[in-house]
Amino acid sequence: MKLKSLVVGPVGTNCYIMSNDAKECIVVDPGEEAGRIAAYIKSEDLSVCGILLTHGHFDHITAVNELRDMFGCAVYAGSDEEKMLNDAALNSCGFGMGAPVVVKDVNYLSDEEVVELAGFSIRTLFTPGHTPGGVCFYIEKEGILFSGDTLFCMSVGRTDFPGGSSSTLIRSIKEKLLPLPDDTKVYTGHGEATDIGFEKQNNYFL
């Protein structure tokens with residue numbers, strides 16, 4: 001497994017490109033700068049097998065449609081996030097940055113559903129709270145979690161946007177994420193990576 005992180009867009013969103021030895025890859029949360037993301041993919045001669053969305057806020061989805069048009073790949077998100085992905089006023093959070101964006105024709109995943117992409121078994125963990133349909137993606141064999149805006153290093157996602165709930169978010173983290181192995185590497189939606197064990201011991205919000 002090779003993992004590339006690109007910080008994109010106006011609020012510094014972490015976009016991840018995870019690839020295998022066969023030059024297949026998945027893209028996680030392409031929030032902006034489709035051209036830059038595509039340039040890396042092409043420079044590595046990668047074939048895109050899918051795009052994973054942890055949630056539907058604009059800063060995680062703005063480049064989705066352009067990348068899908070370029071590479072002809074499927075898009076995946078949690079089944080409770082359809083409303084967010086289809087409502088530009090809702091997913092922009094009132095920031096008004098850039099052109100409104102909606103994402104159609106998404107493959108919606110159920111809680112604990114496993115999808116096989118680029119040779120990786122990716123388990124969907126429902127973690128509402130930041131948004132009503134937010135998810136995290138867990139790849140057990142690689143020991144990694146893409147947490148989106150659910151869990152950050154020493155922090156958690158904000159809950160003051162429409163559909164947010166602090167109590168729901170904390171419950172999601174405690175029930176879905178903290179039971180994972182302590183050495184699980186957590187790749188967050190913004191900021192630096194962390195791991196489950198460190199957050200158990202040091203995250204004030206938990």
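Tutor: Strands (E, at least two residues) and helices (H or I, at least four) are DSSP runs numbered from the N terminus. This is a predicted model, in which local features need pLDDT of at least 70, side-chain atom pairs count only at pLDDT 80 or more, and totals for chains, interfaces and linings use all residues. Residues are numbered from 1 along each chain as its sequence is written, and side-chain values use heavy atoms, with hydrogens and water left out.

Student: Is T13 buried or exposed?

Tutor: Buried means under 20% relative accessible area, exposed over 50%, and partly exposed in between (1.4 Å probe, protein chains only). T13 has 1% relative accessibility, so it counts as buried.

Student: What does T13 touch, not counting residues up to four places away in sequence?

Tutor: Contact means heavy atoms within 4.5 Å. On that basis T13 touches L6, V7, V8, D29, D59, H60, G189 and H190.

Student: D29 is in that list. Where is its place?

Tutor: D29 sits in the loop between β3 and α1, and it is buried, with a relative accessible area of 2%. Its phi is near 55 degrees, a positive value in a residue other than glycine. E33 is found in the loop between β3 and α1 as well, and has a positive phi of about 60 degrees although it is not a glycine. At 29% relative accessibility, E33 counts as partly exposed.

Student: How should I read a nonpolar core?

Tutor: In soluble globular proteins, nonpolar side chains tend to be buried together. A nonpolar core here is a set of buried Ala, Val, Leu, Ile, Met, Phe, Trp, Tyr and Cys residues joined through side-chain atoms within 4.5 Å. The largest one has 26 residues, and those with the most contacts inside it are I17, V27, I37, I51 and L53. Two or more residues each come from β1 (2–8), β2 (13–19), β3 (24–28), α1 (34–43), β4 (47–52), α3 (64–71) and β5 (74–78). The largest share, five residues, comes from α1.

Student: Which residues is I51 in contact with, leaving aside its neighbours within four places in sequence?

Tutor: The contacts of I51 are V27, P30, V64, L67, R68, C73, A74, V75 and Y76. There is also a second, separate core of 19 residues, which includes I26, I122, F137 and F146.

Student: Can we take a residue from a helix?

Tutor: S172 lies in helix α6 (residues 166–177) and is buried, with a relative accessible area of 6%. Not counting residues up to four places away in sequence, S172 touches T127, P128 and L177. S172 and V135 are 37 residues apart in sequence and 9.6 Å apart in space, C-alpha to C-alpha.

Student: How do I read the chain as a whole?

Tutor: Start with the elements: the chain has seven helices and 14 strands. For overall size, the radius of gyration is taken over C-alpha atoms, and the globule rule is 2.2 Å times the number of residues to the power 0.38. With 206 residues, a compact globule would have a radius near 17 Å, and the chain has 16 Å, which agrees. Of the 206 residues, 50% count as buried. Among contacts between residues at least 6 apart in sequence, 60% join residues at least 24 apart.
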